[in-house]
Amino acid sequence: MTTTVGSSAPQFDLDLFSDESLTDPYPIYQRFRAAGPVVRLPAIDAYALTRYDDVRAGLGDDATFISGRGIGLSEEGNATRKGVIIASDNPLHDQLRSVLAERLSPKAMHVIRAQINEQADVLVAEVVARKTFDAVTDLAQAFPLTIVADLIGLPAADR
């Protein structure tokens, strides 16, 4: 991927967080891809890589695409991600990743797939039995946090 980003990148002044955009983002993605490999989003002061091959190349180019200064769209969000894998650059990124790589490999995931499905069934049964629940708090946040903590071997007492 060789792309010079600057004033030549097509600009899109749209609200990516509107109900319409969040409900059906695919027409927006299609417009982005048609516009070129990089688009400027001035409303959130960001650039977006729009095509798979470019994103894939960007993920492997840690000299150009850095994460250590933040990956979020706000300073508050970036401040909370210091020292996590996704918001780090090498050599720290590789050090953090090496600790988890074996436990999170596809082979390891295949071995524990049944356990994850069982945990999902238990969680869903618990929230359904309550008759009311918050899908974000009680499912979308709780389940991944539990599973990831289990995957990396974090004891329940330390969570």
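## Two helices that cross

A crossing is left-handed if the near helix is turned anticlockwise from the far one by less than a right angle, and right-handed if clockwise. In this predicted model, helix H6 makes a right-handed crossing with H7. (Helices are DSSP runs of H or I with at least four residues, strands are runs of E with at least two, and both are numbered from the N terminus.) The axes of H6 (residues 106–130) and H7 (residues 135–151) come within 11 Å and cross at roughly 145 degrees; axes are lines fitted to C-alpha atoms, for helices over the stretch in contact, with angles from 0 to 180 degrees between N-to-C directions.

Contact means heavy atoms within 4.5 Å. Among the residues that meet here are Met109, Ile112 and Leu123 of H6, and Leu139, Phe143 and Ile147 of H7.

## The largest nonpolar core

Let's turn to the core. A nonpolar core is a set of buried Ala, Val, Leu, Ile, Met, Phe, Trp, Tyr and Cys residues joined through side-chain atoms within 4.5 Å. The largest one has seven residues: Phe12, Leu14, Ile28, Phe32, Val39, Leu41 and Ala48. Helix H2 (26–35) and strand E1 (38–41) each give it two or more residues.

Beyond residues up to four places away in sequence, Phe12 touches Arg31, Phe32, Ala35, Val39, Arg40, Leu41 and Pro42.

## A buried serine in a loop

Ser67 sits in the loop between helix H3 (52–59) and helix H4 (75–79). Ser67 counts as buried because its relative accessibility is 18% (buried is under 20% relative accessible area, exposed over 50%, partly exposed in between, with a 1.4 Å probe and protein chains only).

## About the model

Residues are numbered from 1 along each chain as its sequence is written, and side-chain values use heavy atoms, leaving out hydrogens and water. As the model is predicted, local features need pLDDT of at least 70 and side-chain atom pairs count only at pLDDT 80 or more, while totals for chains, interfaces and linings use all residues.
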